[in-house]
Amino acid sequence: MTLFIGILFVSSVSAVSAANSTNTTSFTPSEIANASVTVQKQIETNDNLPNNVTIGNQTVSTAQYLHLAIQATSQLQNNNNTPITLQKDQAPKNIEEQLNTGTLTKNDYLDFAQRLNDYMNNNQQAAPYGLIGPGKIGYQSQVYLFARILAIYNSTGSLPLAVTIKPFTPNNIPIPYTPPTTFTPTQIIQTATNLQNIIETTKTIPNTVTINGTTINTAQFLHLAITAITQLKNNNNNPILLKNDQAPSYTQEQLNTGSLTLNDYVDFAQRLNDYMNNNQQAAPYGLIGPGKIG
């Protein structure tokens, strides 16, 4: 699913520059991350956003904090500790939210942070909502999301690989953080060898696969495997996030005997990865040179 933010109106970037040209107050990403711990606690204590946020010895509005927080998140991903300039941001005039409980990966929330940043740069105002995978996320949830992300960074020194999101209601606050399950490409390779032996011995696909002592369903392993292939092509050995994938409700295959080159199967792995990211489900079939592969 393509992520995009709902834009209600857009003003010129030059106007933004002029409006903020006299503002010289700035904060480091680390200062913003430290303040985020307090913001998270205030939200979880009061089930609501604070009216303002203290960063160091400076008080800013919550909308200004959100703009700082999304920029800090982007910069921390790139190990960029350049101070971030405070801007004259306002809260939105209205708030909309139609959000399902779900998970945002690091790539998801970094993309969302960039889109929010573009909106706030153009409008000097927080967005009333943004569109992400699980739905329409309102201003309050945006503040809580990035406060939690930066609070996790403040305590662990790393941005989380994934975070849970829920509608902003008292019953859903707090949203606890559970570190996601990950596996290295090497662990996935070892499990792939065992799975190949099982398939070739039993002539069937097992319902579950055990990887590094953890039992997962076979669709989840497929997602890990195709991600590992893509990463290994790029000499990337970063841990890979386990996702909540399911087997397809049906399968189709009309396949001729044939060969796939390295470029062929890496391309297919990327297309399968995109499908599974968007649908949380393995594809019933895919199209490759020799036909339809189930």
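Guide: A term is needed at the outset: a cavity is a set of grid points where a 1.4 Å probe fits but cannot get out, and its lining residues have an atom within 4 Å of a point. Please also keep in mind that this is a predicted model.

Visitor: How many cavities of 30 Å³ or more does the structure hold?

Guide: The structure holds one such cavity. The volume of the largest cavity is about 50 Å³.

Visitor: Which residues line the largest cavity?

Guide: The lining consists of Leu99, Ile137, Ser141, Tyr144, Leu145, Arg148, Ile165, Lys166, Pro167, Phe168, Ile173 and Ile175. By class, nine of the lining residues are nonpolar, one is polar and two are charged.

Visitor: And which element gives the most to that lining?

Guide: Helix 5 does, with four residues.

Visitor: What does helix 5 lie across?

Guide: Helix 5, residues 139–156, lies across strand 5, strand 7 and strand 8. Its direction is at about 80° to strand 8.

Visitor: In what order do those three strands sit in their sheet?

Guide: They form an open sheet in the order 5-8-7, with antiparallel pairing. Strand 5 (98–99) and strand 7 (129–132) are the edge strands, and each of them pairs on one side only.

Visitor: How many bridges join strand 7 to strand 8?

Guide: Four bridges join strand 7 to strand 8, which covers residues 135–138, and the two run antiparallel. Within this pairing, Ile132 stands opposite Gly135 in strand 8.

Visitor: What holds paired strands together in general?

Guide: Strands of a sheet pair through backbone hydrogen bonds, either parallel or antiparallel.

Visitor: Let us change topic. Which domains does the chain have?

Guide: The domain assignment gives domain 1 (26–172) and domain 2 (182–293). Their C-alpha centres lie 34 Å apart.

Visitor: From which domains does the lining of the largest pocket draw at least three residues?

Guide: Both domain 1 and domain 2 contribute at least three residues each to that lining. The largest pocket contains about 1,600 Å³ of space.

Visitor: Which residues lie nearest its centre?

Guide: Of the 48 residues that line the largest pocket, Thr105, Asp108, Leu241, Lys243 and Asn277 lie nearest its centre. The lining as a whole divides into 18 nonpolar, 25 polar and five charged residues.

Visitor: Which elements supply at least two residues of that lining?

Guide: They are strand 6 (102–105), helix 4 (106–123), strand 9 (162–165), helix 7 (218–233), strand 13 (240–241) and helix 8 (262–279). Helix 7 provides the largest share, seven residues.

Visitor: What about the second largest pocket: what is its volume?

Guide: The second largest pocket has a volume of about 1,100 Å³. Helix 6 (185–202), helix 7 and helix 8 are the elements that give two or more residues to its lining. The largest share of this lining also comes from helix 7, with seven residues.

Visitor: Which residues are at its middle, and how does the lining divide by class?

Guide: Among its 31 lining residues, Ile199, Ile205, Thr218, Leu222 and Gly294 lie nearest the centre of the second largest pocket. The lining has 22 nonpolar, eight polar and one charged residues.

Visitor: One last topic: what do strand 2 and strand 3 form?

Guide: They form a hairpin with two residues between them, and Gly56 in the turn has a positive phi of about 65°. Four bridges join strand 2 (residues 52–55) to strand 3 (residues 58–61), and these strands run antiparallel. Ile55 has Gln58 in strand 3 as its bridge partner.

Methods
Residues numbered from 1 in each chain as written. Predicted model: local features only at pLDDT ≥ 70, side-chain atom pairs only at ≥ 80, totals over all residues. Heavy atoms only, no water. Domains from an automatic or database assignment. Pairing = 2+ DSSP bridges. Contact = heavy atoms within 4.5 Å. Axes fitted to C-alpha atoms, helices over the stretch in contact; angles between N-to-C directions. 1 Å grid on protein atoms, 1.4 Å probe; cavity = no way out; pocket = protein on both sides within 12 Å on 5 of 7 lines; lining within 4 Å. Points joined across faces, edges and corners; volume = space filled by probe spheres on them. Nonpolar A, V, L, I, M, F, W, Y, C, P; charged D, E, K, R; others polar.
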